Amino acid sequence: MEVLSGLLSTAILSGGVLALAALGELLAERVGVLNLGVEGLMALGAMSAVATVGATHDPWLGFLAALLVGGGAGILFALATVVVRASQVLCGMALTMGGLGLSATIGRPFAGQPAGATFSPLPIPLLDRIPVLGPALFQQSVPVYLAFLLLPAAIAWLLFRTRHGLTLRAIGENPAACDAAGIRVAPIRFCYVVLGAAVSASAGAYLTLGFVPSWSDGVTAGRGWIAVALVIFAGYRPWRIVGGALLFGLVNALGYLAQARNWGVPSAFLAMLPYGVTLLFMIAPGLLRRGGALIAAPAALGVPYYRDEK
Amino acid sequence: MPILRRRSLLAAAAALSAMPRAVRAATPLAAVAEKDAVVAFGHIGPVSDGGWTFTHHQALLAAKKAFPAAKFLEVESIPVSADATRTFRQFVENGANIVFVTSEYGDLLSSVADDATDTAFLECNGHRQSDNESSYYIQHWMVSYVLGVAAGRMSKTGRLGFVGSFPVAAVYGCANAFLLGARSVAPHATMQVILINSWFDPQASSQAASALIQNGVDLLYTHLDDASCLQVAEKNNVKCATWNTDERRLGPNAYVSSLLLDWNGFCVDQIGRRLKGQWTGGPITLLPMGHGTDRDAWGATVPPEVGREADAVRARIMGGWNPFAGEIRDAAGTVRVTRGQSMTPMALYEWNWPVEGVSGLRG
């Protein structure tokens with residue numbers, strides 16, 4: 001029982017990083033901008049969170065700092081991709097490399113140091129008493145609830161239950177039609193790219209203040225790329241992103257459990273397992289209902305919008 | 001007929017290249033004036049890792065102090081790929097007289113070394129030797145054994161855990177020596193190993209540590225470059241021994257001790273020899289306990305008598321005692337080292353089977 005609860009708890013912790021990063025990416029992709037800079041944003045967020053906490057000893061200020069730094073980097077990215085309309089793929093790569101390099105350089109003085117303060121668990125009364133599920137689900141820190149409940153609920157409501165959300169989705173599908181309908185495409189894209197970047201960067205803060213309580217060069221270890229893949233895997237839907245993140249975290253944690261319990265499976269195979277399962281989940285529905293449109297990617301994803309082009 | 005001729009030509013060429021390089025008596029590389037000397041360090045990780053690469057960076061700083069007129073080159077985070085060869089070639093083009101490579105790059109390094117016969121190459125944990133190539137490592141198994149003695153006394157459940165990188169000799173040596181040390185005082189102790197397939201991935205190592213603790217392990221040992229295991233141990237109220245540097249501030253209650261690294265003396269000595277024209281390539285240098293590696297001062301929660309007992313073992317080893325004497329069985333129960341036999345330093349360096357009681361590593 002304790003093992004099961006521990007497994008679930010680790011899965012949630014490691015899945016939370018992916019959930020936050022992927023939810024941020026979703027915001028940008030829904031308005032048609034592919035942001036491949038998630039890895040760099042996470043590194044920047046992780047570094048600035050630890051730097052801020054080192055000075056202030058308040059995890060929330062660290063979280064806020066990550067949001068702001070992510071937003072700042074997002075403004076640069078949005079200027080390049082939405083205003084100047086440069087290639088989104090190249091700009092995303094640049095953001096990743098720039099973010100990783102910049103955070104490594106600025107973060108050098110406090111690399112390897114423990115975070116000045118971390119998020120402490122906030123048990124939800126009564127619910128945390130449920131056997132197995134209680135300790136895993138309801139004795140987590142606030143950013144976990146944010147990543148798994150509050151944020152996906154807010155984004156799902158925004159995207160699918162409001163008029164503004166309809167506008168957002170329409171911009172991702174057909175910016176020219178939106179433009180003709182009098183919707184200002186570029187400003188809305190700009191805002192959501194910046195907002196998404198801030199949320200993605202906060203995944204870095206969650207990582208260094210909630211999961212691995214210190215910052216060091218390379219701490220993100222490629223999770224940003226998985227977050228980008230997760231958005232596609234989840235079919236651009238917030239609740240599925242959360243489910244996917246949890247699944248990924250679960251398979252990941254299962255790999256370590258298998259080693260700890262000595263099931264005799266080679267560690268390299270277990271390390272591959274999360275990716276294998278992801279692949280399986282992407283292929284399986286396609287095989288089951290052949291021909292149907294499986295991944296409903298926004299039609300204008302990755303395409304800069306020019307009004308003049310006919 | 002032409003085909004036959006070409007074939008015989010090919011065969012001759014193959015025979016030529018297969019012939020071993022003429023073994024000459026090792027002649028030292030020519031002396032270099034300090035003001036003209038160029039010393040290069042190629043690191044596997046970032047110098048800010050607070051561990052492995054950090055300690056090598058300290059050696060560079062020490063060498064800078066010892067040879068203030070020399071020029072130093074340093075490149076961090078060199079991937080184990082063709083990029084490494086390019087970087088090492090760059091060192092040679094920049095006039096490097098001696099190159100330290102802080103992890104095993106194998107052929108990626110040798111291909112450069114064979115073309116630059118006037119440059120000395122030292123590969124950490126390497127295996128190749130030639131006129132201008134040698135390698136160095138530490139006898140970490142001795143320190144692991146000492147730490148293991150303390151662990152055997154401190155673990156209540158007798159279940160020890162090891163978080164390692166890849167199934168390489170260093171991991172076998174670490175886990176085996178630690179358990180043998182523990183078994184010398186607690187004969188029923190066992191060791192569970194988890195490999196995370198990386199030298200540096202704090203997320204993975206903290207998950208691995210959690211998984212071990214959830215399965216009843218109450219004392220962890222890790223040789224990874226980051227301190228996540230110690231932090232997880234502190235949070236879960238268990239103990240942890242680590243590698244590289246003193247990290248007790250990250251887990252004051254969990255900290256048992258650490259296998260400290262100190263390359264300063266070795267690197268300064270090698271550079272000195274190279275400058276004086278006394279450096280020769282050749283077999284690996286395995287730095288013993290007390291010269292390059294040692295245990296850290298015991299942690300605050302280590303009982304004084306446990307520390308004293310482990311230190312007595314340490315003193316015996318430094319006096320020349322080899323704890324790796326038969327009979328030692330592997331995990332399958334086969335006797336690998338018979339009674340009266342001892343493992344040689346090279347056997348320990350190339351350890352590739354788990355001892356009895358170690359699970360999670362393949363035999």
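Helix 2 (residues 38-56) and helix 9 (residues 185-211) of chain A pack at an angle of about 55°, their axes lying 7 Å apart; helices (H or I, at least four residues) and strands (E, at least two) are DSSP runs, numbered from the N terminus. Axes here are lines fitted to C-alpha atoms, for helices over the stretch in contact, and angles run from 0 to 180 degrees between N-to-C directions. Helix 2 of chain A and helix 9 of chain A are therefore oblique to each other, since angles under 35 degrees count as roughly parallel, over 145 as roughly antiparallel, 65 to 115 as roughly perpendicular and the rest as oblique. The crossing of helix 2 of chain A and helix 9 of chain A is right-handed; a crossing is termed left-handed if the near helix is turned anticlockwise from the far one by less than a right angle, and right-handed if clockwise. Among the residues that make the contact are L41(A), G45(A) and A49(A) of helix 2 of chain A, and S200(A), G204(A) and T208(A) of helix 9 of chain A, contact requiring that C-beta atoms, placed from the backbone, lie within 7 Å. By class, this contact of helix 2 with helix 9 of chain A comprises 15 nonpolar, 5 polar and no charged residues. In this classification, Ala, Val, Leu, Ile, Met, Phe, Trp, Tyr, Cys and Pro count as nonpolar, Asp, Glu, Lys and Arg as charged, and the others, Gly among them, as polar.

The model is predicted: local features need pLDDT of at least 70 and side-chain atom pairs count only at pLDDT 80 or more, whereas totals for chains, interfaces and linings use all residues. Residues are numbered from 1 along each chain as its sequence is written, while chains are lettered from A and ligands numbered from 1 in the order in which they are written.

Contributors to the contact include G16(A), L23(A) and R30(A) of helix 1 of chain A, together with P143(A), F148(A) and L159(A) of helix 6 of chain A. The residues of this contact divide into 13 nonpolar, 1 polar and 1 charged.

The UniProt annotation "transmembrane region" (unreviewed entry) covers residues 31-53, 60-84, 142-160, 190-212, 241-259 and 265-288 of chain A; such annotations may be inferred rather than shown by experiment, and their positions follow the numbering used here, with feature names shortened. Residues 31-53 of chain A are 70% helix and 0% strand, with end C-alpha atoms 33 Å apart. Over residues 241-259 of chain A, the chain is 100% helix and 0% strand, and the end C-alpha atoms are 27 Å apart.

In the interface between the chains, 30 residues of chain A are in contact with 27 residues of chain B. Helix 1 (2-30), helix 11 (238-260) and helix 12 (267-288) of chain A each supply at least two residues of the side that touches chain B. Helix 11 of chain A gives the most to this side, with 6 residues.

In chain B, 6 strands form an open sheet in the order 2-1-3-4-5-11, with parallel pairing; two strands pair if DSSP finds at least two bridges between them.

Methods: Two residues are in contact if their C-beta atoms, placed from the backbone, lie within 7 Å.
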